[in-house]
Amino acid sequence: MCSPNGSVIPRFKKQIEAGGPITITHPEITRFFMTIPEACQLVLEAGCLGKGGEIYVFDMGKSVKIVDLARKMIKLSGLQEDKDIEIIYTGLRPGEKLYEELLADSENTLPTHHPQILIGKVKEYDFTEVAQKINDLIQLFDAQNNTEIVTLMKSIVPEYISNNSEFEKLDK
């Protein structure tokens, strides 16, 4: 999360200023964080490295447990958890993941001269086969059978797991 608008930090700050509670979806949820200037620098440098067709992956360090971030923000505000500010868990939203994956399991990266910029070595797919599946997906839209649509989507992206949704039954 590099955008302040998409980051939990401003939300936690407002919740602390309001006296709480701080709301977190799940006690084990983690996310990667990067400042906007850091992300911009990496994007500009990756743009200069490109020869065409590469997929760059940024090494964003270790993911952060959101509850740990909330606890640090409470402490830095001079307050105490459970005494001054409560943390409550609201539950994962449909489709929300506990953690982020940068690449699929069958994919890996190669280094560049920059330690934080890696080249993603992604699995190659047969264009004709993928194009046909995409056309099939478009044809399914009119029927609005979400189970069929998600089943086909999962055949296109087999690594996708339907966390916390009605489509978990389709996961292998």
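Trainee: Where does Thr25 lie?
Mentor: Thr25 is in the loop between β1 (22-24) and β2 (30-31). Keep in mind that this is a predicted model.

Trainee: And is Thr25 buried or exposed?
Mentor: Thr25 is buried, because its relative accessible area is 11%, and the cut-off for buried is under 20%.

Trainee: Which residues does Thr25 touch?
Mentor: Leaving out residues up to four places away in sequence, Thr25 touches Tyr89, Thr90, Gly91, Leu92, Arg93 and Glu96.

Trainee: OK, on to the helix α1. Which of its residues are buried?
Mentor: In α1, residues 8-17, the buried ones are Val8, Phe12, Gln15 and Ile16. They span an arc of only 100 degrees around the axis, so they sit on the same side of α1.

Trainee: What covers those buried residues of α1?
Mentor: The cover includes β1 and α3 (66-76).

Trainee: Which exposed residues are on the face turned away from the buried side of α1?
Mentor: That face carries Lys14 and Glu17.

Trainee: What about the ends? What does Ser7 do at the start of α1?
Mentor: A side-chain oxygen of Ser7 comes to within 3.2 Å of the backbone nitrogen of Ile9. As for what comes after the helix, α1 is followed by Gly19, which has a positive phi, near 90 degrees.

Trainee: Switching to the core now. Which residues have the most contacts inside the largest nonpolar core?
Mentor: Those are Phe12, Ile22, Ile24 and Ile87, in a core of 14 residues. At least two of the core residues come from each of α1, β1 and α3. The most come from α3, which gives six. Apart from this core there is another, of six residues, including Leu42, Ala46, Phe58 and Ile117.

Trainee: Which residues is Ile22 in contact with?
Mentor: Beyond its neighbours within four places in sequence, Ile22 contacts Phe12, Gln15 and Ile16, then Ala70 and Ile74, and also Ile85, Glu86, Ile87 and Ile88.

Trainee: Last topic, confidence. What is the mean pLDDT of the chain?
Mentor: The mean is 86, with 93% of the residues at 70 or more.

Conventions. Residues are numbered from 1 along each chain as its sequence is written. This is a predicted model: local features need pLDDT of at least 70, side-chain atom pairs count only at pLDDT 80 or more; totals for chains, interfaces and linings use all residues. Side-chain values use heavy atoms; hydrogens and water are left out. Helices (H or I, at least four residues) and strands (E, at least two) are DSSP runs, numbered from the N terminus. Buried means under 20% relative accessible area, exposed over 50%, partly exposed in between (1.4 Å probe, protein chains only). Contact means heavy atoms within 4.5 Å. The arc is that of the directions from the helix axis to the C-beta atoms. A polar contact is a pair of N or O atoms within 3.5 Å; within protein, one must be able to donate a hydrogen and the other to accept it, and residues adjacent in sequence count only if both atoms are side-chain atoms. pLDDT is the predictor's confidence in each residue, from 0 to 100. A nonpolar core is a set of buried Ala, Val, Leu, Ile, Met, Phe, Trp, Tyr and Cys residues joined through side-chain atoms within 4.5 Å.
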